[in-house]
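Subject: Structure handover

Hello,

Here is the structure I promised to pass on. Please open it and keep it beside this email while you read.

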Amino acid sequence: MKELTHFINGQHVKGTSGRFAEVFNPATGEAIAKVPLASQEELNDAVAKAAEAQIGWGNTNPQRRARVMMKFGALINEHMDELAELVSLEHGKTLPDAKGDVQRGLEFVEVCMGAPAMLKGEFMDNGGPGIDLYSMRQPLGVVAGITPFNFPAMIPLWKMAGALACGNAMILKPSERVPSTALRLAELLIEAGLPEGVLQVVNGDKDIVDGIIDHEEIPAVAFVGSTPIAQYIYGRACSNGKRAQCFGGAKNHMIIMPDADIDKAADALVGAGFGAAGERCMAISVAVPVGQKTADALIEKLVPRIEALKVGPYTSGDDVDYGPVITQASKDRINGLIASGVEQGANLVVDGRNFELQGYENGFFVGPSMFDNVTPDMDIYKEEIFGPVLSQVRTETYDEALDLVMKNDYGNGTAIYTADGDTARDFAHRVNVGMVGINFPIPVPLSYFTFGGWKKSGFGDLNQYGPDAFRFYTKTKTVTARWFSGIKEGGEFNFKAMD
Ligand code: NAD
C-alpha cells in the first residue's frame, strides 16, 4: 500500500511516529494508501522550521508574495485535471464536481494576487498638532489551518492562500481521509516560488490537532469541520490566547413560496440536496414549502427527479450525478438515521438504503432518499445527516417557515424560491443565517465577498476568504508620530567638533 508523507521544508518527509490512518477509495471500499499521523516532536520540528522561514517571507514585499500567488494560480490551472482526479479518488465526488472544488479554491488564490492592495494600512495626516497616525497590517507568524474531508482542494486553498499572501507561514493539517490533494498543492507552491518551510503540511488526527491548538508558537488557528469539533477547538484555542475562526456544520433550509416556479425549485433542490452525495456544508437538506398545495406539487416534481438520479464512481464520467459517501461508518450512520426517520413517523417517499452497484459492492454508496412530513422533533431534522437525504417540512405560512429556519441551531446557508421581490427582501433582511440565496440554492459567495455561517455554524468573528481573511491573518499596529521642529534655515557649514 502506498505510504504518504508529510511535506516539510519543501520535501516529502516520511512519518516517524509509527502511527498511520488508512485512506480509502470510497467507490471501491479499498484502502489505497496509509497516511502518517504526526507526533508532537514532528509538529514541533515543522513549527520551528516554519518560524525560521516566516521571517524572510514576512519581510518579502507584498508584491513579490503576490507574484508567487500568480504563478501558483497558473499552475493550479495547468494541473486542474490531475488535482480533480486526486480529489475524486479519495473523496468520491464526480470529476466535474471535483473541478468545481479546485476552481472555487483557485478563485481565492486569484483574490490573493491583489493582496498588496488589501494590506495597505491607514493614514491620518495632522491627527493632532504636528501629529500623524498610521496603521499597518503585519503577519501573525506561524498560523495553522485544519480542514475537513469534504472539499480536499477548496478549503486548504482558502486557508493557505490568505495566510501566505499576508506573509505568514502555515502549518496545514488536512483531513486524514483526503490528504493527497493538499500534499500536491504544497508541491505546486514550491514550484511557484514559495520559499521552503513557509507551508508545512503535517498530517494527523485529533492528537496533532490538540498539539496545534496548545502550541505556544502558533498564534492563530483557522478550522473548518463539524460543529462539536469546531466549538471544542474554538474554546481551547481561545483559552490558550489564540485568535481562532472555527466553522462548523449545517442544516440548510430552502423555503418554497406558493408563487415559486416549482420546476425550477425542484431542479435546484435535487442538485443542492444530492450533489456530492449531500456532503457539502452548503447542501440544502430541508425543503420547506409554504402551503399544502405547494408541498404536494413539490413532492410530485421531486420524486421522479430523485428516482432518476445516477449514482456511481467518478470513473464513469458524465454518466453519474453523485458518488459514494466518505466511509463505511458514514454510510452506516446515514442508513441508521433514515431508519430513525421511519420509526419516528416521517414518510419515506424515496428509500435509498438498499442501493447496490454491480462491481462496486464494497463501495460506500447510499442511494438517494426523500422524507415528507418531517417535524422538528425528529432526529433526521435535528442532526446534520451529511448524506443524500432530503427532508420536507410542511408549513402553512411564510412566517411559520421563517420561524423554523430562525429556530434551527445552525445558520450556514439558506434559500428562498419565490416570484415576489418583497418576500425575498424581507427574508434576506430578517433571517439569522450567514449566507442567503434568492432563487439560488447554494449561495456560496464569490471569493471577494466572505464566507461564514451564524449560530452553531461558525465560531469567531471573522469570515473565511475575501477582505476578512486579510484581517484574520494580520495584526494591526498603529503608530502615532510627532516630529519636533528641526532646523529649517540658517544651517551652518563650518566643519565643527561633535560636542
Ligand atoms: P470533522 O470535524 O470530523 O474533521 C475536521 C478536522 O478536524 C479534520 O482535520 C480532523 O482530523 C479533525 N478532527 C476530527 N476529530 C477531531 C477531534 N476529536 N479533535 C480535534 N480534531 C479533530 O469534519 P469532517 O467530517 O472532516 O467534515 C465534515 C463537516 O465539516 C460537516 O459537519 C460539514 O458541515 C463541515 N463543513 C463546514 C464548512 C463551513 O465552512 N462551515 C465547510 C465544509 C465542511
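Where is the place of N439? N439 sits in the loop between β20 (435–438) and β21 (454–455). Strands here are DSSP runs of E with at least two residues, helices are runs of H or I with at least four, and both are numbered from the N terminus.

Two notes before the rest. The model is predicted, so local features need pLDDT of at least 70 and side-chain atom pairs count only at pLDDT 80 or more, while totals for chains, interfaces and linings use all residues. Residues are numbered from 1 along each chain as its sequence is written.

Two asparagines

N439 is not a glycine, yet its phi is positive, at about 50 degrees. N439 is partly exposed, with 15 other C-beta atoms within 10 Å. The cut-offs: buried is 20 or more other C-beta atoms within 10 Å of a residue's own, exposed is 12 or fewer, and partly exposed is in between, with C-beta atoms placed from the backbone.

N373 also has a positive phi without being a glycine, near 55 degrees. Look for N373 in the loop between β16 (369–372) and α13 (379–382). N373 is partly exposed, with 16 other C-beta atoms within 10 Å.

Strand β16

Now look at β16 itself. S369 and F371 point one way, M370 and D372 the other way, and all are buried. Two strands pair if DSSP finds at least two bridges between them. β16 pairs with β15 (residues 347–350) in the antiparallel sense, over 3 bridges. There, N347 stands opposite D372. β16 is also joined to β17 (residues 389–392) by 3 bridges, and these two run parallel. M370 stands opposite L390 in β17.

Strand β11

How many residues of β11 (residues 220–224) are buried? The count is 5 of its 5. A220, A222 and V224 lie on one side, V221 and F223 on the other, so both faces are covered. β8 (residues 142–146) pairs with β11 in the parallel sense over 4 bridges. V143 has A220 as its bridge partner. β12 (residues 243–247) also runs parallel to β11, with 5 bridges. Here V224 is partnered by F247.

An open sheet

Next, find the open sheet of 3 strands, in the order β6-β7-β23, with antiparallel pairing. β6 (122–128) and β23 (474–482) stand at the edges with a single partner strand each, so one side of each has no neighbour in the sheet. Neighbouring strands here are turned by 25 degrees against each other on average, direction ignored. Those angles run from 0 to 180 degrees between N-to-C directions, with axes fitted to C-alpha atoms, for helices over the stretch in contact. β6 and β7 (residues 131–139) share 4 bridges.

Around the ligand

Which residues come nearest to the ligand? They are P148, G225, F247, G249 and C281, out of 26 around it. A residue is near if its C-beta atom, placed from the backbone, lies within 6 Å. The shell has 11 nonpolar, 10 polar and 5 charged residues. Nonpolar means Ala, Val, Leu, Ile, Met, Phe, Trp, Tyr, Cys and Pro; charged means Asp, Glu, Lys and Arg; the others, Gly among them, are polar. Domain 1 (2–248 + 457–479) and domain 2 (252–438) each give the shell at least three residues. Those bounds come from an automatic or database domain assignment.

Best wishes
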